[in-house]
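Open the model in your viewer and keep the selection panel at hand. We will go strand by strand, then turn to the ligand.

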Amino acid sequence: MNEGPDAAALHERARLSFDLDVDICIVGAGLAGLTVALEAARLGASVAVLEGRHVGWNASGNQLGTVMPGYALSLAELIERVGFEDASELWALSKEGAEYVRGLATEQSMPGIGLSEGALEVSNVDVGDQLISRLQMLNEDFGTEVEGWQVDRVRSELKTDRYFHGVYYPKAFQIDGRKYVHGVASLARRSGARIFEDTPVVRIDASGIRKRIVTPSARLRASHIVLAGNIHLGAPLRRLSDTLLPVWRYGGVTAPLGDRLGEVIAFKGSVADTDNIDHFRIVDGDRLMWASPETTWSANPKRFAGAIGRRMQTIFPKLGQVEISETFGGAIGQTVHGMPQIGQLRKGLWVTSGFGRQGLNTSAMAGQLIARSILWGDERWRLFSPFELVWAGGPTGRVAGYFVGLWSRSASAAAGALARHRERVRIQDRVREARLAEANRQAGSRPAVRRPPPGHAPTGRPRPVRPPPPRPQPEVPVPADQSGGEGA
Ligand SMILES: Cc1cc2nc3c(=O)[nH]c(=O)nc-3n(C[C@H](O)[C@H](O)[C@H](O)COP(=O)(O)OP(=O)(O)OC[C@H]3O[C@@H](n4cnc5c(N)ncnc54)[C@H](O)[C@@H]3O)c2cc1C
């Protein structure tokens, strides 16, 4: 779905045109399917991956490459849902997933992968107190290295008044996401997995011990089927696709911006806001990669170039006009509960899906869990059992999801505007107090006296010099820039 050079053209695409018998058949060659393939092949299984388009065609080949611990579901909600102990195990798994990606994404095995360290989560509102308890929990209870950044520190790295506090993850990192998915495919091939592209799976029969998989030009038999088709799975098990709310997310990369980029963004890692609206990082030294607009239908990413550029300017006005030279986009599958779908649906029928916006660490962890479960009997996938397959509402759900998305973006933009307004008022108050103190000092009065309300001027005391009247306060602005444009 990207507008850049077709990375799939880097290797010859093989379509399945003959019948085949394997241990494990995987439907979908995104991050999820390919990681299962790599791990299962490494453990000695015979593996076939069937991909309807080409490797990394959807979200997996069109993402920002930020690798962090955690899930779409917040830590507090996770604890509430499954209790502290299981939440802690689930969190540890999500960290293992990130470390797994780090282990694979070396320059040696994936040349040009460009791993760089550190990610920053910034808040759109002033929530210092909440931040402290979150930091304590992450550090002390969940063994995750994090630093809390005060507003000044955030704003020395990111020249904008949009962001307040930040949580810095020194162990998070970023990689070239497109190279990574192709890198996993080539490692899987080298380990013996066979990947067939332009080979959609149109039907499965998972009832017997040997399961049947039907494609337009061939049939397979396998002991295990792994469904890793994300929102596009369709015919083989439509009820499963219907448990995901599809959201198309779009990104763009600017033309080289020269020194002006470094003047507004000093931070070298990925930045994401806590409301999941903007996600960006510097690539190639002086280009800005940015993802923000979303729709619940598929659209051409090129349409969003203007909206992405405007969004960059909204957050970083000093950046000025930017040219977006590349756009990309992909569909992510969101579950109703916010946790991925990982596990066994019936004997020998597996699912690994629903990774949402945070798919790199989670799909890597799922790949390991499923391969090890099939081949070694590892049962840790059961930690995901409390998160059942919940119907996402079909077309009505998509429409509702769209409006909920719009609403939450507006709500968060309004909260951000309110926080910035309060901050401006605080600054103006401080300036006013200082002016008043100075005026009193000049008038020889001590200590600084507040200006009395009209009609209540005290008598018999030294009269402070009246400071200039405060400038009228703007009303709380209603943001016109929540996501910047077309359909998002
Ligand atoms: C703009 C954007 C930025 C993102 N940034 C990040 C980020 O920085 N960090 C992060 O962790 N995550 C990020 N994500 C999320 C991440 O990309 C996804 O969670 C992840 O790629 C999902 O992988 P997947 O394998 O489940 O799905 P997909 O990538 O959708 O792969 C599924 C594959 O299955 C194939 N398929 C489906 N049905 C069939 C069938 N019947 N027969 C054959 N093949 C089939 C499809 O063609 C597709 O290729 C981002 C996503 C987007 C869109």
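Select residues 20-27, strand β1, together with β10: seven bridges join the two, and they run parallel. Strands here are DSSP runs of E with at least two residues, helices are runs of H or I with at least four, and both are numbered from the N terminus. Two strands count as paired if DSSP finds at least two bridges between them. Zoom in on V27, which stands opposite L227 in β10.

This is a predicted model, in which local features need pLDDT of at least 70 and side-chain atom pairs count only at pLDDT 80 or more, while totals for chains, interfaces and linings use all residues. Residues are numbered from 1 along each chain as its sequence is written, and side-chain values use heavy atoms, with hydrogens and water left out.

**Next: β9**

R212 is the residue opposite R221 in β10. The two strands form a hairpin, with four residues between them.

**Next: β17**

Now select residues 349-353. How many of the five residues of β17 are buried? Five of the five are, so the strand is largely enclosed by the rest of the structure. Buried means under 20% relative accessible area, exposed means over 50%, and partly exposed lies in between (1.4 Å probe, protein chains only).

Turn the view to compare the faces. In a regular strand, side chains alternate between the two faces of the sheet. On one side of β17 sit L349, V351 and S353; on the other are W350 and T352, and all of these are buried.

Show the neighbors too. β10 (residues 219-227) runs parallel to β17, with three bridges between them. L227 is opposite V351 there. β16 (residues 341-346) runs antiparallel to β17 and is joined to it by five bridges. R346 has L349 as its bridge partner in β17. Color G348 in this hairpin: two residues lie between the strands, and G348 takes a positive phi near 85°.

**Next: the ligand**

Select the ligand and its shell. 39 residues surround the ligand, and the closest are E51, N58, S60, G356 and L360. A residue belongs here if one of its heavy atoms lies within 4 Å of the molecule.

Which elements supply at least two shell residues each? They are α1 (31-42) and β15 (324-334). The largest share, three residues, comes from β15. By class, the shell has 17 nonpolar, 18 polar and four charged residues. Ala, Val, Leu, Ile, Met, Phe, Trp, Tyr, Cys and Pro count as nonpolar, Asp, Glu, Lys and Arg as charged, and the others, Gly among them, as polar.

A polar backbone atom of G356 is 2.7 Å from one. For a polar backbone atom of L360 the distance is 2.8 Å. For a backbone N or O atom of A59 it is 3.4 Å. The protein covers 97% of the 1,000 Å² of accessible area that the ligand has on its own.

**Last: zoom out**

Show the whole protein as a cartoon. It has eleven helices and 17 strands. Buried residues make up 53% of its 488 residues. Switch to a surface: the accessible area is about 22,300 Å², and 52% of that belongs to carbon and sulfur atoms. Areas come from the Shrake-Rupley method with a 1.4 Å probe; for residues, only the protein chains shown count as cover.

Notes
A polar contact is a pair of N or O atoms within 3.5 Å; within protein, one must be able to donate a hydrogen and the other to accept it, and residues adjacent in sequence count only if both atoms are side-chain atoms.
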